[in-house]
Amino acid sequence: MSRALWGLAGLAIFAALGEALPRLGLISPLYAPPLSRILSLLGDQVQQPRFWTATVDTLKTWALGLLIAVVAGVVLGVAIGAVPVLRAATASTIEFLRPIPSVALIPLVSLLYGATITSTLVLVVYASFWQVLVQVLHGVADVDPVAHDTARAYRLGRWARVRYLFWPTALPYAVTGVRLAASVALILAITGELLIGSPGLGREIGNAQDSGAVPQMYALVIVTGLIGLAANLFARMAERRVLAWHPAIRGEVPV
Amino acid sequence: MLEVQGLRKVYDGHGRRVEAIADLTFTVGGGEFACVVGPSGCGKTTLLRCIAGLLPPTSGQVRVAGEPIAVVFQEYGRSLFPWLRVAQNVELPLKAAKMPRAQRQRQVDEALAAVGLADAHDAYPWQLSGGMQQRVAIARAIAYGPSVLLMDEPFAAVDAQTRADLEDLIRSVWQRLGVTLLFVTHDIDESVYLGQRVIVLSSAPTRVVENIVIDLPGERDQLTTRADPRFAELRARIYAHIKKLPSQRAEHGSTHDLSR
């Protein structure tokens, strides 16, 4: 049996359990409704404009935050990584700021921006920025000494070295960073909406919980999962295109 | 022309002071093909890096008449950029030197044709065999239009047949371009076959042991040249020099340690 079929089989078993356990009374249907109910409610949801507004809000927060984090992480990562003095000067600061959990900033941002998308955006950017920055820094440090000697021997200027040596070397790391950042950004987008109350799926989940609409809450949770899945698939596709030359991706070559 | 005068290099770090090169003085005339041989670990690569400007010498100086200098490294697989296609690899130094596009194109085409890779423009280096990759690296050096070409054991990692082909290639390239060529190798036969002169180095701390003029005919051929009695004489002479050197250092490939 192929991998895809195994995957489908696993999913089917999981779905069957989700349906059977509440129906058999093994877990309370009050807190975990059968899957068919959740799905039928999801069917209702997708017909409501309110659901789509929330989804678009979440996607906007997520994508914009990710974009800012990736651009800032890549630019700063390459700049810091390529200049040894900058690297030495910033290493300790980065190590100090990086472990601060983004959620610890929730009181601060809600004080500053209230229950707005900006609040959540700050959390998203803060959390995903470090993922990208640290990966890019590692990537730039991984430049092959022989390749570097080659660049120096052939008088490549600073800009040419960044463009043709540092950046391509760091790219596989950056792509990993972006993939990690994409999931972190989604987590923070939902967390921010849920806790701060900025518009989006997270707030809808909170509302559903408050009004005791448990199956609806599950339906929304499933949607966030699907968004995460789509983001990861997209990131992997992009990875294969961008890194076609990389040993991990290029596959067999005639030697 | 290439002039190395009183070159000395001491590595100082990690609590160990190592004198790699004690005192090197030699000259390679304009358009001359000189080989440098020495036991392993004698600082051949250090010397080449100092000449290429990749490593500052501790004292002494390197003077090069004419620019630019091109370098062919031993590790072709790491020296070529895997994310660039063959033609882009060859073109990159020219692009960095802001050469106009049309001229770049022409020099890349010529260089790749000169190494017999006229149809490999669009391949990635890793799609080629080792020997072909080193040809790409040689093409990159040729296209750069150097007045001095430095080669650091460029054929040490390819098989014997490919190696013979590449030796003949580099001789024809040298004859055609008239560059000053310094070829570092640990292979005595190779140094005699290729060069007009062989500079024999001692083990570390390195000095010049002898400067041997290779008075073989200019037209060289893998079979007849290597069968020439004069070839055997020259080979034996260099071999005797290198054999005489303290062998335990050569075996360990280590450099002279001043801290002991």
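Biologist: What conventions apply to the numbering and to the values?

Modeller: Residues are numbered from 1 along each chain as its sequence is written, while chains are lettered from A and ligands numbered from 1 in the order in which they are written. In this predicted model local features need pLDDT of at least 70, side-chain atom pairs count only at pLDDT 80 or more, and totals for chains, interfaces and linings use all residues, with side-chain values taken on heavy atoms and with hydrogens and water left out.

Biologist: How many residues of strand 3 of chain B are buried?

Modeller: Helices (H or I, at least four residues) and strands (E, at least two) are DSSP runs, numbered from the N terminus. Buried means under 20% relative accessible area, exposed over 50%, and partly exposed in between (1.4 Å probe, protein chains only). On one side of strand 3 of chain B, B:Phe33, B:Cys35 and B:Val37 are buried, and on the other B:Ala34 and B:Val36 are buried. For strand 3, residues 33–37, the number is five of five.

Biologist: Which residue of strand 8 of chain B is the bridge partner of B:Val37?

Modeller: Two strands pair if DSSP finds at least two bridges between them. Strand 3 of chain B pairs in the parallel sense with strand 7 (residues 180–185) of chain B over five bridges, and there B:Val36 has B:Val184 as its partner. Strand 3 also runs parallel to strand 8 (residues 197–201) of chain B, with four bridges. In strand 8 the partner of B:Val37 is B:Val200.

Biologist: Which three residues of chain B supply 32% of the area that chain B buries against chain A?

Modeller: Contact means heavy atoms within 4.5 Å, and 26 residues of chain B contact 21 residues of chain A. Buried area is the accessible area (1.4 Å probe) that two parts lose on being put together, summed over both; for these chains the area is about 2200 Å², 64% of it on carbon and sulfur atoms. The three residues, which supply more than any other three, are B:Arg78, B:Trp83 and B:Trp126.

Biologist: Which residue of chain A forms a salt bridge with B:Arg78?

Modeller: A salt bridge is a side-chain nitrogen of Lys or Arg within 4 Å of a carboxyl oxygen of Asp or Glu, and the count between chain B and chain A is two. In one of them, A:Asp149 and B:Arg49 have their closest N and O atoms 2.2 Å apart. For B:Arg78, which is partly exposed at 36% relative accessibility, the closest N and O atoms are 2.8 Å apart and the partner is A:Asp144. That pair joins two chains, because B:Arg78 lies in helix 2 of chain B and the loop between helix 6 (117–141) and helix 7 (145–153) of chain A holds A:Asp144.

Biologist: Which helix of chain B gives the most to the side that touches chain A?

Modeller: Strand 5 (69–72), helix 2 (76–79), helix 3 (86–96) and helix 5 (130–143) of chain B each supply at least two residues of that side. With four residues, the answer is helix 3.

Biologist: Which residues join B:Arg163 in one salt-bridge network?

Modeller: B:Arg163 and B:Glu167 form a salt bridge with closest N and O atoms 3.7 Å apart; these residues are four apart in helix 6 (residues 160–177) of chain B, and therefore separated by about one helical turn. B:Asp187 also bridges to B:Arg163, at 3.3 Å between the closest N and O atoms. B:Asp187 is in the loop between strand 7 and helix 7 (188–194) of chain B, so this pair ties together parts that are 24 residues apart in sequence. Through shared partners, the network joins B:Arg163 with B:Glu167, B:Asp187, B:Glu190 and B:Arg226.

Biologist: What is the relative accessibility of B:Gln134?

Modeller: B:Gln134 lies in helix 5 of chain B. Leaving aside neighbours within four places in sequence, B:Gln134 contacts B:Val72, B:Phe73, B:Gln74, B:Tyr76, B:Pro154, B:Phe155 and B:Leu166. B:Gln134 counts as buried, and its relative accessibility is 0%.
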